[in-house]
Amino acid sequence: MKELVRTFAAVFIVAFALMYLTAYLNSSQGYSSGNTLTIYNWGDYIDPELIARFEKETGIKVIYQTFDSNEAMMTKIEQGGTTFDVSIPSEYAISKMKEENLLLPLDHSKLPNLKYIDPSFMDLSFDPGNIYSIPYFWGTVGVVFNPDLTNLKFKSWDDLWDESLRNQIFLLDGAREVIGMGLNSLHYSLNDTNEDHLREATAKLSKLTPNVKAIVGDEIKMLLANEEAAVGLVWSGDASEIMSENEKLDYVVPEEGSNLWFDNMVIPKTAKNIEGAHAFINFMLDPEVAAQNTEYVGYSTPNAEALAFLPEEIAGDERFYPSKELTEKLEVYENLGKRMLSHYNELFLEFKMHRK
Ligand code: SPD
């Protein structure tokens, strides 16, 4: 019996020592054991290797969930019941989330790598002083096209309505992008709230339906790279990814104007691991990490130091790192307010239903 008690005591002491050692090692890095971080990001928007590296370096276990539109992401965070520690909305969504008190102010002293961000991506109107958000990726909206399947050059949005493109267009599944493209094609602002202009744009969009093969999510990249259609309305980073799969394709931003967008990292009010959220944001700002992420995802980095790690064919490609002259002609989505944003969503839904 004594023997049994002795063995049990020895096992207990060893187990306790191991637990203590693990806790000590974790706490020496500033994290408690069992630490998790819930990240809510766009699909296909991070190199998974970087998540594994962050977990290894910090001892934090990442729970990763994705969304496919700002609207879906905002609805989920607004509804509550989630514990997202980091999310990556676009500018107009950040402005709306700030207004609705859904974001936590950031502690810049915990983000020493913030110094690597190009100052032209800081202090933008949707978040003066970057109190709530830190640049992640940026880009434009434009047309990716396959010169083997169409002779059109897409200098104008109107080319999309060309009869030769019957059933030849994939559209990205975004209300602001599609309604905005309709408005831009009529030389209206993509932030227009005039009801007559919006009706004119949706009437014009309904005439595009014979050319639209499908409205799709991230699979748009695979479909276009596989030449399932001649043309796609896409975000620039997706175009870059498609073109790395199929070099025949090209990307252009039509002359009437288009969207310049910014996706920034934020800490939602739902956060449970604020310390870990800052650690993750700072990790993503590291120039080598940002460069690896840029190469993997295909989007344009706002990290000035990361550009030095990228090959010239990426960092010097004017289609994805457009000149200041071009970006100044583009428009950033504004927060049009809850009612108008819902109206854009309804108009987009009507357009989608009309197609079926
Ligand atoms: N597959 C990732 C897509 C992320 C694109 N964000 C662009 C938002 C523009 N408003």
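Of the 356 residues of the chain, 53% count as buried, where buried means under 20% relative accessible area, exposed over 50%, and partly exposed in between (1.4 Å probe, protein chains only). The model is predicted, so local features need pLDDT of at least 70 and side-chain atom pairs count only at pLDDT 80 or more, while totals for chains, interfaces and linings use all residues. Residues are numbered from 1 along each chain as its sequence is written, and side-chain values use heavy atoms, with hydrogens and water left out.

**Exercise 1. The ligand site**

Task: State which residues surround the ligand and which polar side-chain atoms lie by its nitrogen.

Solution: 
1. Trp42, Gly43, Tyr45, Ser90, Glu177, Asp218, Trp235, Trp261, Asp263 and Tyr299 surround the ligand.
2. Look for polar contacts, here pairs of N or O atoms within 3.5 Å. A polar side-chain atom of Asp263 is 2.7 Å from a nitrogen atom of the ligand. For Ser90, an N or O atom of the side chain is 3.3 Å from a ligand nitrogen. For Glu177, the distance from a polar side-chain atom to a ligand nitrogen is 3.5 Å.
3. Compute the cover. The ligand taken alone exposes 340 Å², and the protein buries 100% of that; accessible areas come from the Shrake-Rupley method with a 1.4 Å probe.

**Exercise 2. The nonpolar core**

Task: Find the members of the largest nonpolar core that touch the most other members, and say where the core draws its residues.

Solution: 
1. Strands (E, at least two residues) and helices (H or I, at least four) are DSSP runs numbered from the N terminus.
2. At least three core residues come from each of domain 1 (32-132 + 263-315) and domain 2 (139-259 + 330-355); the bounds come from an automatic or database domain assignment.
3. Take Met181 as one case. With neighbours within four places in sequence set aside, Met181 is in contact (heavy atoms within 4.5 Å) with Trp157, Leu160, Trp161, Leu171, Leu205, Leu208 and Leu233.

**Exercise 3. Helix H8**

Task: Explain why helix H8 (residues 236-245) is described as largely enclosed.

Solution: 
1. List the buried residues of H8: Ser236, Gly237, Asp238, Ala239, Ser240, Ile242 and Met243.
2. Because 7 of the 10 residues of H8 are buried, the helix is largely enclosed by the rest of the structure.
3. Identify the cover. It includes S4, helix H7 (220-225), strand S7 (231-235), strand S8 (250-252), strand S9 (260-266) and helix H10 (287-297).

**Exercise 4. Loop residues**

Task: Decide whether Leu310 and His187 are buried or exposed, and place each in its loop.

Solution: 
1. Leu310 is in the loop between helix H11 (304-307) and helix H12 (312-315). Its relative accessible area is 8%, so Leu310 is buried.
2. Beyond four places in sequence, Leu310 is in contact with Ala291, Thr294, Glu295, Thr301, Ala315 and Tyr321.
3. His187 is in the loop between helix H5 (175-185) and helix H6 (195-206). Its relative accessible area is 61%, so His187 is exposed.
4. Check the backbone: phi of His187 is near 65 degrees, a positive value in a residue other than glycine.

Terms used. A nonpolar core is a set of buried Ala, Val, Leu, Ile, Met, Phe, Trp, Tyr and Cys residues joined through side-chain atoms within 4.5 Å. A residue is near a molecule or strand if one of its heavy atoms lies within 4 Å of it. A polar contact is a pair of N or O atoms within 3.5 Å; within protein, one must be able to donate a hydrogen and the other to accept it, and residues adjacent in sequence count only if both atoms are side-chain atoms.
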